[in-house]
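Take a walk through a protein fold with me. Keep the sequence at hand and follow each stop in the 3D view.

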Amino acid sequence: MLRLFNLILLIVGTFMCAAAPSAAKDVQIDGLRFGVNGETTRFVLDISNETEPGIFLLADPYRVVIDLPEANWHANSAVQTTGLVEGYRHGLFAPGVYRIVLDLKEAATVKTAFSLPPRGQYGHRFVLDLEPATRSNFLAAVQSSKNERPVVTSASVPDVTAPRKRIAGKRIVVIDPGHGGPDPGNLGAIGVYEKVVVLEIARAIRDELNRTGRYEVHMTRDRDIFHPVRERFRIARRHRADLFISVHADSIANSKVSGASVYNLSETASDKEAGRLAARENKSDVIAGVNLDEADDDVSSILIDLAQRETMNFSAQYANILVQELARDVPMLGRSHRFANLGVLKAPDVPSILLEAGYLTNKTNARFINSDSGRKKIAQAVRRATDRYFQQMVALGR
Ligand SMILES: [Zn+2]
């Protein structure tokens, strides 16, 4: 009997030991606040565990990036900023990295950063004090904080050198839900962020394509996580994709504007609005706190390459067909096939398009693209277009 009791104790003890580390991983962010004391602006984070975040600065615009372990956000997101901080964003930046980005009103550097143990009504806290700085001091701090930047690799996706393992006869389609994590995209008239709306549309497209049995479909993300712009088409290249579809939802000051449009890559924009759209969509990396100086130019140099030209041709063919198929069932924007210098479409060897499914700033249009029936219509149009496009490819002997 005593033995059995000991055994139970042992089992309970083992279970508790095993449970402790996994509980420690589950960091919770419970609150945040900003305060001003003289020249200093203080940022306080209420957090479930003691953490040592990675902190680094980025210029143009001036930002402070705070990287925590993967965390759950339970704090009120509508906290007012003050002092040197103009705004903030947060979200899953990469597996294991939860990022908070502070936008600064002016150049400022970290005066001090420390953790506080629980006391009184407060639990663990992380405190960051900012003080005004000159631009040159700020730039020096950018350099010296460099080592704090996370090295993010995407080991889950096979390397581009891996031999193609296409399932017999299946074409590979990569669907890229835009934005995610600390880059929420635009917030439209129905109070749902673009990153949420486009993930649901992408899932509907994936399911619709999968049902045919003709495609091998991959998503660049299937949860609320960020990817740098270049990483998105690199995922497509690593999968040896035959087609890359980036899914977005548009916004504009005029709430009457509505409808879907399809974009191809071009160095010059087809019109002013297309140029503005490219500027907005290309800002994703800045919004999520990606350091752009280290962006390697593995794509810009091959832009005029012959392979790229052929890819652009195929991309335009697909966009053409997609516009026709969407128009059968989905509200369309005037001149719905457009061109812009969109970073996410720069894979030199994967035909790529960007679908702006509709306008989140138009209530009716936003409700349509965020509904089951609207998503279904969009997904079916993509499926019909994809079928037609690959039939043409077969006819061309591709
Ligand atoms: Zn977007």
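Valine 127 is buried, because its relative accessibility is 2% and the cut-off for buried is under 20%. The model is a predicted one. Valine 127 sits in strand E9, which covers residues 124–132. Which residues does valine 127 touch, leaving aside its neighbours within four places in sequence? The list is Arg42, Phe43, Val44, Thr112, Ala113, Phe114 and Leu116. Aspartate 46 and valine 127 are 81 residues apart along the chain, yet 9.0 Å separates their C-alpha atoms.

Stay with aspartate 46. Its side chain meets that of arginine 33 in a salt bridge, at 2.6 Å from N to O. Aspartate 46 belongs to strand E2 (residues 40–47), while arginine 33 belongs to strand E1 (residues 27–37). The two are 13 residues apart. Arginine 33 has 29%, so it counts as partly exposed.

Now step back to the whole protein. It has nine helices and 15 strands. Of its 398 residues, 50% are buried. The protein exposes about 18900 Å², and carbon and sulfur atoms supply 53% of that area. Next, take contacts between residues at least 6 apart in sequence. Among these, 75% join residues at least 24 apart.

The structure holds 28 salt bridges. One of them joins the side chains of aspartate 222 and arginine 203, at 2.7 Å from N to O. Aspartate 222 is in the loop between strand E11 (215–219) and H4, and arginine 203 is in helix H3. They are 19 residues apart. Aspartate 222 counts as partly exposed because its relative accessibility is 38%. Arginine 203 is partly exposed too, with a relative accessible area of 23%.

Arginine 280 and aspartate 250 form another salt bridge, with the closest N and O atoms 2.7 Å apart. Arginine 280 lies in helix H5 and aspartate 250 in strand E12, so this pair ties together parts 30 residues apart in sequence. Arginine 280 is partly exposed, with a relative accessible area of 31%. Aspartate 250 is buried, because its relative accessibility is 2%. Salt bridges can also share partners.

Histidine 179 and glutamate 281 link distant parts of the chain, as they are 102 residues apart. Histidine 179 is in the loop between E10 and H3. Glutamate 281 is in helix H5 (residues 272–282). Histidine 179 is buried, because its relative accessible area is 6%. Glutamate 281 has 9% relative accessibility, so it counts as buried.

Move on to helix H4, residues 229–238. Why is H4 described as largely enclosed by the rest of the structure? Nine of its ten residues are buried, so the rest of the structure largely encloses it. The buried residues are Val229, Arg230, Glu231, Arg232, Phe233, Arg234, Ile235, Ala236 and Arg238. Their cover includes E10, strand E12 (243–250) and helix H6 (284–287). Look at glutamate 231 in this helix. It is buried because its relative accessibility is 13%. A polar contact of 3.2 Å joins its side chain to that of arginine 238. Just after H4, arginine 240 takes a positive phi of about 55°.

Leu187, Tyr193 and Val196 make a nonpolar patch of about 250 Å². Leucine 187 is found in the loop between strand E10 (171–177) and helix H3 (194–212). Its relative accessibility is 44%, so leucine 187 counts as partly exposed.

Notes:
Residues numbered from 1 in each chain as written. Predicted model: local features only at pLDDT ≥ 70, side-chain atom pairs only at ≥ 80, totals over all residues. Heavy atoms only, no water. Patch = residues over 30% accessible without salt bridge, like charges linked within 9 Å, V, L, I, M, F, W, Y side chains within 5 Å. Areas by Shrake-Rupley, 256 points an atom, 1.4 Å probe, with all protein chains shown as cover. Salt bridge = Lys/Arg side-chain N within 4 Å of Asp/Glu carboxyl O. Helix = DSSP H or I, 4+ residues; strand = E, 2+ residues; numbered from the N terminus. Buried < 20%, exposed > 50% of the residue type's maximum accessible area, 1.4 Å probe, protein only. Polar contact = N/O pair within 3.5 Å; in protein donor to acceptor, adjacent residues only side chain to side chain. Contact = heavy atoms within 4.5 Å.
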